[in-house]
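Hello,

I am handing over the structure we spoke about. My notes on it follow below.

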Amino acid sequence: MYAFDIERPATVADAVAALSNEDAQALGGGQTLIPTLKARLASPEKLISLSGISEMQGMSSEGGALRIGGGTIHATVATEAAAIYPALAALASHIGDPAVRNRGTIGGSIANNDPAACYPAAALASGATIVTNSREIAADDYFQGMFTTALDEGEIVTAVSFPIPEKAHYEKFVQPASRFALVGVYVAKFADVVRVAVTGASNEGVHRWTAAEEALSANFSADALADLTVSADDLINDLHGSAEYRAHLVKVMTGRAVSKAK
Amino acid sequence: MPKDGGIGAATTRREDVRFLTGTGRYTDDIQTHAECAAIFARSTVANGIIKSIDTTAAAAMPGVLAIFTGEDFVEVGGNPAGWLINSRDGEPMKEPKRPVLAHGKVRHVGDAYAAVIAETVQQARDAAEMIEADIEELPAVVNMKDALAGDNFVHDEIGTNQCFDWGWIEDNRAATDEAIKNAHHVTTLELVNNRLVPNAMEPRCSIGSYHPGTGDYTLHTTSQNPHLTRLLISAFVMGIPENKLTVIAPDVGGGFGSKIYHYGEEALVLAAAKKLGRTVKWTADRSEAFLTDAHGRDHVTKIELAMDKDGNFLAFRTETHANVGAYLSNFATATPTFLHGTLMAGNYTVPLVYVNVKAVFTNTAPVDAYRGAGRPEATYSLERVIDMAAREIGRDPTDLRRQNFIKPDQYPYASAAGLEYDSGNYDALMDKMEEVSDKAGFAARRAESEAKGLLRGFGVNAYIEACGIAPSNLVGILGSRVGLYDAATVRVNATGNLSVMVGAHSHGQGHETVFPQVVAEMLGIDPMSIEIVHGDTSKIPFGMGTYGSRSLAVCGSAVVRATEKIINKAKKIAAHMLEAAEADIDFTDGEFSVAGTDKKVSFGEVALKAYIPHNFPLEDIEPGLEETAFYDPANFTYPSGAYCCEVEIDPETGKVRVDRMTAVDDFGNVINPMVVTGQVHGGLGQGIGQALLENTTYDENGQLLSASYMDYAMPRADDVPYYIVDHSQGNACTHNPLGVKGCGEAGAIGSPPTVVNAVIDAIQSGGMNVTHIDMPVSPHRVWAAMNNAK
């Protein structure tokens with residue numbers, strides 16, 4: 001780690017102001033950034049910790065949506081969202097290990113957009129709205145490829161607002177070492193439409209599987225996927241699985257998510 | 001006799017009090033006034049010429065005290081190989097120099113070419129980044145077959161990448177070839193024994209200090225064998241006289257083999273301490289551990305099994321390429337040869353064995369002994385090919401093994417691979433395994449799995465291993481450059497409690513609990529009055545440390561011999577105190593008595609008399625009560641076992657889950673069954689890790705792809721099942737005083753083939769003709785194999 005200064009503002013406004021310094025870097029739960037700093041792969045002069053901003057904490061539900069503050073840790077979502085959006089709570093309860101779940105935040109995960117992270121799949125499948133200090137961004141517009149989002153420099157994810165589906169489930173097949181998603185599929189069934197988001201599989205990061213969405217919108221059953229195939233083009237090929245294997249798993253995980261959705 | 005806590009008692013481990021309360025004292029916990037820090041500059045390329053190293057800018061950085069490069073160690077010796085292997089043609093193996101710091105060339109990613117000493121770790125790290133090293137990258141040699149075929153040499157001066165080409169037993173070569181040529185059935189299997197990173201919980205750490213007033217050096221280091229480290233540094237690398245160097249290995253957080261060896265960092269901190277007159281500490285980070293700890297396994301083997309028409313084994317023949325990495329680690333040459341080839345007859349009455357091993361230099365981290373060290377590789381090859389053979393000829397894998405087992409009335413048994421097994425009963429182990437594993441219930445469990453859409457397989461394995469490697473006379477003939485005895489000093493203190501100084505080193509094995517049980521049993525005293533002292537060359541006799549499951553069989557035997565000497569002397573003192581003839585003194589339950597009388601003195605009274613020798617027969621007996629024994633075993637010990645496991649496979653994903661795992665081992669006599677069970681548990685976990693999860697992957701440029709826990713899969717608690725462990729079937733070792741074998745590595749030796757055999761059984765139960773999958777049997781590999789077989 002290189003030496004750095006750290007500030008812990010109490011309001012979003014103060015954080016945004018602090019981040020206007022081009023050598024400043026936002027620090028959420030630090031579950032990606034801190035290991036990166038420890039490996040000396042990044043050298044920000046100043047970290048702006050978002051953990052002291054009370055307006056980014058906690059969750060509330062209104063109008064069929066669950067709004068979760070960007071600074072909310074996974075452990076909180078795992079317990080407090082269980083009654084209102086159980087599939088999302090279940091997802092949160094299986095991110096990393098207890099240490100990760102008690103430091104890592106939803107805003108940090110969404111802002112980082114790791115191609116194998118879990119939350120981006122939930123946000124995309126749920127049709128969530130990403131709330132920042134300056135605007136609201138639809139999930140479909142927000143995720144723009146591996147580690148790439150619609151966020152501008154210095155923009156902070158202050159909340160994520162999830163429409164609550166009739167049924168949903170996240171099915172994760174873990175990479176054996178990191179236990180990130182080798183392939184994770186989030187299926188959300190709304191009254192009029194089904195949305196399917198895939199994480200872990202693609203070089204393009206989280207993405208929707210629209211063919212499955214159409215099939216499932218017509219018939220919300222794993223059987224509806226029978227005739228679909230997933231192309232291995234653009235899927236990740238690495239130590240832990242070939243692109244073909246990931247393509248296969250996308251279909252298997254989708255089917256299981258549909259079967260388990262509630 | 002002790003009321004409890006003697007031989008056979010499942011005493012809880014006394015060392016766990018400090019380990020579980022965070023009060024252990026590991027090397028990095030030692031903080032010395034005015035200590036400074038060392039950080040190494042390491043190669044980021046696998047092969048390259050060091051054209052220049054400019055340390056000017058680094059030296060000007062804040063806090064920097066000294067910078068060392070390979071130039072500074074040109075005059076000192078190299079880190080030697082501990083075992084000379086001769087090739088089949090009689091030529092000695094190739095032994096390129098392994099310098100303290102790379103000089104001229106870097107040969108693997110992580111190879112250290114410079115070291116910075118600064119006031120703080122942070123300053124040293126900052127300065128190390130300022131070293132300007134002009135290293136011209138060369139193509140790397142990574143794959144062993146490429147290494148042997150090409151003319152790109154890891155060490156230009158030896159003109160080959162082949163370290164040796166070893167045959168065992170060379171005189172059997174022609175007969176083995178002939179037997180295979182003429183056999184009714186030959187099963188051939190090519191397999192990979194995957195390279196493993198040891199992953200001790202505690203990374204390596206070394207602290208060098210130097211006393212300018214006396215010229216004494218002290219090295220605190222994470223070692224499994226401090227005397228061996230001292231010997232290597234003194235006699236080969238640094239030339240520091242042994243009497244001026246103390247090596248201390250305090251609490252060590254796991255080694256699994258990787259801390260047997262002397263590493264260049266240890267020499268560097270000593271050299272820096274001398275130069276600066278300061279205490280110099282280096283602690284590896286996890287990335288350095290991945291890149292520079294000696295790795296394990298990494299064999300590519302072709303094995304053939306020849307059988308007659310009745311399934312009798314006629315011959316095993318193997319051809320193995322063993323990766324030794326870029327430099328020879330201390331026992332890198334013993335592991336794939338005498339710790340591997342000699343076990344290639346397994347538990348079987350096979351008359352012919354021929355093993356060929358070619359050791360190969362590559363631009364990768366050095367490879368050396370890792371839990372099991374050669375025996376897991378032998379067992380895996382044998383037990384996989386036997387399983388495959390059984391399936392080929394339509395025989396039950398267990399029955400085929402039983403048919404070829406050495407029978408209990410055949411001991412001592414001279415194996416076709418050159419060992420003399422002293423005791424065993426493999427059928428009894430198999431019987432017990434079938435009983436405690438509820439093999440009879442397998443069919444019903446398979447039906448339950450199939451009802452859930454899962455495949456279930458049953459895998460079996462019989463292993464024998466050789467541990468407590470010995471005797472020194474024999475290993476000397478075979479090329480060992482060290483002896484393989486051990487030593488103990490039993491010091492009875494004046495107040496009747498004991499300090500027992502042992503040459504073995506405990507880094508998880510439980511010696512502090514188990515050795516006192518032995519002494520307490522012999523002396524009839526409370527084991528808690530006995531303290532084990534280990535790990536400090538200034539306190540303990542010259543022992544060879546801990547590896548190869550040798551501690552109890554070898555060092556424990558030395559403890560017995562020293563304690564016998566204590567009893568003999570104490571009897572003399574008691575005879576004097578009781579005014580009786582020594583021959584009439586009886587020693588039972590901690591008391592010396594005169595036969596046929598009520599006259600007696602306690603062990604404690606005798607101890608006090610020894611140190612306050614008033615009215616003492618000084619003309620016949622020296623004061624004091626302290627004895628040392630060195631013990632050099634007559635033979636290896638031969639633990640054996642029958643293992644089985646049941647796996648469930650999700651056919652849609654290829655995910656394997658080990659549902660049941662049973663280990664029935666013959667460890668001879670057991671001193672502490674709880675400690676033994678714990679050792680087996682740990683070994684099974686590592687074996688399951690190797691079988692299903694762990695893989696060390698270099699790319700074609702020699703970059704380590706699996707260089708962190710993000711990509712190197714260690715077994716977690718939910719990767720392993722509840723273990724069924726049994727060691728009721730012990731057949732005492734016939735040649736050591738405790739009748740003990742070794743239990744430290746068995747689990748890691750026996751489990752990998754058991755798991756893979758079960759995976760193959762499961763897949764074949766689904767009607768797919770898959771005959772082999774290399775470890776780790778990852779979901780992707782299983783899915784691909786099943787897909788190809790459909």
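The domain bounds used here come from an automatic or database domain assignment. This is a predicted model, in which local features need pLDDT of at least 70 and side-chain atom pairs count only at pLDDT 80 or more, while totals for chains, interfaces and linings use all residues. Residues are numbered from 1 along each chain as its sequence is written, and chains are lettered from A and ligands numbered from 1 in the order in which they are written.

Domains of chain B. The assignment gives domain 1 (16–22 + 485–631), domain 2 (32–138 + 201–254 + 259–292), domain 3 (142–198 + 294–406) and domain 4 (422–459 + 638–790). The centres of domain 2 and domain 3 of chain B, taken over C-alpha atoms, are 33 Å apart. Their contact involves 23 residues of domain 2 of chain B and 29 residues of domain 3 of chain B; two residues are in contact if their C-beta atoms, placed from the backbone, lie within 7 Å.

Chain interface. Twelve residues of chain A are in contact with 15 residues of chain B. On the chain B side, helix 19 (residues 779–789) gives the largest share, three residues. Helices (H or I, at least four residues) and strands (E, at least two) are DSSP runs, numbered from the N terminus.

Helix 4 of chain A. In this helix (residues 86–93), A:Ala87, A:Leu88, A:Leu91 and A:Ala92 are buried, that is, 20 or more other C-beta atoms lie within 10 Å of their own; exposed means 12 or fewer, partly exposed in between, with C-beta atoms placed from the backbone. Seen down the axis of helix 4 of chain A, the buried residues fall within an arc of 140°, so they line one face of the helix; the arc is that of the directions from the helix axis to the C-beta atoms. They pack against helix 3 (74–80), helix 7 (119–126), strand 8 (157–163) and strand 9 (167–174) of chain A.

Backbone geometry. Most residues other than glycine have a negative phi, and most peptide bonds are trans. The bond from B:Trp168 to B:Ile169 is cis, with omega near -5°, and B:Ile169 sits in the loop between strand 7 (162–168) and helix 5 (173–182) of chain B. B:Met775 and B:Pro776 are also joined by a cis peptide bond, with omega about -5°. B:Asp298, not a glycine, has a positive phi of about 65° and counts as buried, with 25 C-beta neighbours inside 10 Å. B:Asn615 has a positive phi near 50° but is exposed, with 9 other C-beta atoms within 10 Å.

Regards
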